[in-house]
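Dear colleague,

Please find below the sequence and the structure that I am handing over to you. My notes on what was found follow directly after.

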Amino acid sequence: MIRAGTIHDHQEALVAGTYAVGRLDRVPLSRAGVQEETDLWSARDALVMKAFSLVVPQYLPLSAHCTHLKGHGGAKYAVRRVVAHLPASTFVLKTDVQAYDASIDHHRLLDRLAVSLPDHGVLNLIAQYLTRCAERGGLFWEYRKGIALGSPLSPILGAFFLTELDAALEQLGLFYLRFMDDIVVLAPTRWKLRAAVKVVHRTLAGLHLEIQPTKTFIGKIDKGFDFLGYHLAPGRLSLAQSTLEAFVACAHQLYEQEPAGGAARLGVDARYA
């Protein structure tokens, strides 16, 4: 719990420009039976980042094509929009960015933010958030690239960093949207599809990013393609094969971790498991 007096102190430090982002704690995390690690912000830093996430978007030129942002529709809205526009198109480009969260260049991001956020104090705090440091047991991890998973600022910065791509694709006059770095472009002709592919490659290269080849589909819509866990094709919408496989793998992990309890968590009578 953060005391009122402490919040007042934080406000004064923010106004004075003396607030400093603290070190993160790296802790073990068990997810579906898999041991991982995650970095945790302090309560005061989490509070400041949340406050920033509520204020910063109004100063940034965030695109309506970016559907993961609050008020922009969300994942199911994005899927419905794509499905609704399939009949008017013949070709699709579906791709996403290779390790997007971890690949964002801090200097390029801050240079672009400075155009819309001239307040040096705000930029300084965002820079501290980006160049964060985590610690566990005397070991330290310093981040030179990328944005932090689990921070309320990350979806906003992730959306903002690709606004050049939003603007470039919008100029082509094609149907286009994205959910974070998951990108879909629909085109009526092969020529217009090729133009979109060139724009995506050129813009990402300028940001020192690359597409993810294994998650890229370029071709006719009637062959079907995966987007946000669904398989889309003209007149058909179903769960993607990868979604089903992930569900089965998770179910197996839950059951193997604790057979009786796992069966109960899966809604299965343990006598018949």
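A search of the whole structure, which is a predicted model, finds one aromatic pair. An aromatic pair is described by the distance between the ring centres and the angle between the ring planes. Here the rings belong to Trp41 and Tyr129: their centres are 5.7 Å apart and their planes stand at 25 degrees, so the pair is stacked. The cut-off behind this is that planes under 30 degrees apart count as stacked. Trp41 lies in the loop between β2 (34–40) and α2 (43–55), while Tyr129 belongs to helix α6 (residues 120–130), so the pair ties together parts that are 88 residues apart in sequence. Trp41 and Tyr129 are both buried.

Two further rings have a charge over them. Arg26 lies over the face of Trp141, at 4.1 Å from the ring centre. In the other case, the charged end of Arg132 sits over the ring of Tyr143, 4.0 Å from its centre.

Leaving aside residues up to four places away in sequence, Ser154 touches Tyr129, Ile147, Ala148 and Met180. With Ala148 there is a polar contact as well: a polar atom of the Ser154 side chain lies 2.3 Å from the backbone oxygen of Ala148. Ser154 has a relative accessible area of 6%, and because buried means under 20%, Ser154 is counted as buried.

Ser154 is found in helix α7 (residues 154–161). How many of the eight residues of α7 are buried? Seven of them are, and the helix is mostly covered. The buried residues are Ser154, Ile156, Leu157, Gly158, Ala159, Phe160 and Phe161. They pack against α2, α4 (100–103), α5 (106–116), α6, α8 (163–170) and β6.

Most residues other than glycine have a negative phi. Met180 is not a glycine, yet it has a positive phi of about 60 degrees. Met180 is located in the loop between β6 (175–179) and β7 (182–187), and at 13% relative accessibility it counts as buried.

Leu228 likewise has a positive phi, of about 55 degrees, although it is not a glycine. Is Leu228 buried or partly exposed? At 24% relative accessibility, Leu228 counts as partly exposed. Leu228 lies in the loop between β9 and β10, which brings us to the sheet.

Strands of a sheet pair through backbone hydrogen bonds, either parallel or antiparallel. In this model, three strands form an open sheet in the order β9-β10-β11, and their pairing is antiparallel. Strands β9 (225–227) and β11 (236–239) stand at the edges with a single partner strand each, so one side of each has no neighbour in the sheet. From one strand to the next, the twist averages 30 degrees. β9 and β10 (residues 230–233) are joined by three bridges, and Phe227 stands opposite Tyr230 in β10. Helix α3 (residues 75–85) packs on the sheet and touches β9, β10 and β11. The direction of α3 makes about 15 degrees with that of β10.

Yours sincerely

Definitions and conventions: Residues are numbered from 1 along each chain as its sequence is written. This is a predicted model: local features need pLDDT of at least 70, side-chain atom pairs count only at pLDDT 80 or more; totals for chains, interfaces and linings use all residues. Side-chain values use heavy atoms; hydrogens and water are left out. Two strands pair if DSSP finds at least two bridges between them. Helices (H or I, at least four residues) and strands (E, at least two) are DSSP runs, numbered from the N terminus. Axes are lines fitted to C-alpha atoms, for helices over the stretch in contact, and angles run from 0 to 180 degrees between N-to-C directions. Contact means heavy atoms within 4.5 Å. Rings of Phe, Tyr and Trp (its six-membered ring) pair if their centres lie within 6.5 Å; planes under 30 degrees apart count as stacked, over 60 as edge-to-face and the rest as tilted. Buried means under 20% relative accessible area, exposed over 50%, partly exposed in between (1.4 Å probe, protein chains only). A charge sits over a ring if NZ of Lys or CZ of Arg is within 6 Å of the ring centre and within 35 degrees of the ring normal. A polar contact is a pair of N or O atoms within 3.5 Å; within protein, one must be able to donate a hydrogen and the other to accept it, and residues adjacent in sequence count only if both atoms are side-chain atoms.
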